[in-house]
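Reader: Could you walk me through this one, beginning with the strands and then turning to a helix?

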Amino acid sequence: LTDKLSKSIQKIRGQANLSEDNVKEALREVRVALLEADVALPVVKSFIEDVKTRALGKEVMTSLKPAQVMVKVVQEELIKVLGESTEGINFNAQPPVVILMAGLQGAGKTTTTGKLAKYLQERENKKVMVVSADVYRPAAIEQLQTVAEQVGATWFPSSVVDDPVTIGMTALQAAKKGYFDVLIVDTAGRLAVDDAMMKEIKSLQNTISPTETLFVVDAMTGQDAANTAKAFSDALDLTGVVLTKIDGDARGGAALSVKTITGKPIKFQGVGEKMEALEPFHPDRIASSILGMGDVLSLVEEVERKIDKKKAEKLAKKVATGNKFTLEDFQEQLLQMQNMGGMTSMLDKLPGMSNLPDMVKDQVNDKTTGRMLAVINSMTIKEKRYPQLIKGSRKRRIANGSGTTIQDVSKLLKQYTQMQKMMRKFKGKGMMKMMQKLGG
Ligand code: GDP
Ligand code: MG
């Protein structure tokens, strides 16, 4: 999208006002972006309508270009729909505050139960008990026990011979007696929505009257998330949503669908498998990933200001056409990055880059850029073009020449290979196209 959106933005650039036509055109791209991000169609439609109304009524301030206004309107609207402020757990109730976890199997209910217990113990200083009402799989009850032990929460034993309502009631009594602040009730989920499951969790909700009923949904399920959300929202009085697995490749479309369909705040986001991988929901980050634009506009400007256009164009063309990315190109790229004030600051601005594995990020750490350049500078042209030549004695020579070690040389070669892979992945995408455009 970044590419298409910036194309239509390029077109509006330089014009003084947001006209019906250029708004329409930009919105066509936004629509495509939302669909690509797996937002459900009805949700896309209503969102586009909202943005259109807002954009057309918007006066273009003299200090801003129409393109910037448009991007801002879309992003603001997205953040508004996703929920501007983060809402935590509602503690406005007689303790123990009961939290019921609902959702499909594999959505992350049990994991989130543990994460939430840890979060509430550590951040809110609460005494937390957890119980499993998943009576279909003994392993599920044990899974919760393990998780509870891991985070130091009290696990209330339950058994597959009991029914969920009895388990809920008994645990609630125990939580009251033990002066617990919070009781989290984990439940069973099916692979698809079914009536029996809905009836069961509904009667559980009726008997234990939870303060919070959280709908746990896997962000990676994209379009399906909309249907699941509808079913759970119709059957249960939900109070909030937990969006899990946003650390995967999900483009975040599920967030917009689920929020629009349930009308309930997304309270937390799961960002990994570990117990500490739970955060209050950040609408701004999801908004950026849905639109795939990161901070593209400001990046475009920064790049325009600092980069050597001719060289960038050459490099971009090379990569885009699939030509070999040599060490000379890598050297060129490192120099450009250095000019731009470091790679890390640039990476952070690119869409999706904040999700780059730390390993890759560390490898392109600003501090090491200088050393990397020194290593490349000590190579012959032939070595730069045919890096596979660089073995034992050549490595030693390069290390000596650059005042580094053989390990540094090997590391540089590894980084180069990794960059080469990354370049291949980006071929024809985002930054490269953008650079090409700037150059051309
Ligand atoms: P349940 O069936 O709803 O109880 O789901 P589980 O809690 O058992 O989670 C299913 C799988 O998803 C497990 O392998 C979890 O480790 C994984 N999982 C849960 N939340 C997250 C998350 O936020 N990120 C990632 N990467 N994995 C998660
Ligand atoms: Mg479970």
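Reader: Which residues of β1 are buried on one side, and which on the other?
Author: In this predicted model, Val97, Ile99 and Met101 are buried on one side of β1, while Val98, Leu100 and Ala102 are buried on the other, and both faces are thus covered. Six of the six residues of the strand, which spans residues 97-102, are buried, so β1 is largely enclosed by the rest of the structure.

Reader: Switching to α7, how many residues does it have?
Author: Helix α7 has 14 residues, 164-177, and reaches 20 Å from its first C-alpha to its last, close to the 20 Å expected at 1.5 Å a residue.

Reader: Which of its residues are buried?
Author: The buried residues of α7 are Pro164, Ile167, Gly168, Ala171, Leu172 and Ala175. They cover an arc of only 130 degrees around the axis, which puts them on the same side of α7. An α-helix has 3.6 residues a turn, so residues three or four places apart point the same way. On the other side of α7, Gln173 and Lys177 are exposed.

Reader: What do the buried ones pack against?
Author: The buried residues of α7 pack against β1, β2 (128-132), β3 (154-156), β4 and α8 (195-208).

Reader: And what follows α7?
Author: Tyr179 follows α7, and its phi is positive, near 55 degrees.

Methods: Residues numbered from 1 in each chain as written. Chains lettered and ligands numbered in written order. Predicted model: local features only at pLDDT ≥ 70, side-chain atom pairs only at ≥ 80, totals over all residues. Buried ≥ 20, exposed ≤ 12 C-beta atoms within 10 Å, placed from the backbone. Helix = DSSP H or I, 4+ residues; strand = E, 2+ residues; numbered from the N terminus. Expected span 1.5 Å × (residues − 1). Arc of directions from axis to C-beta. Contact = placed C-beta atoms within 7 Å.
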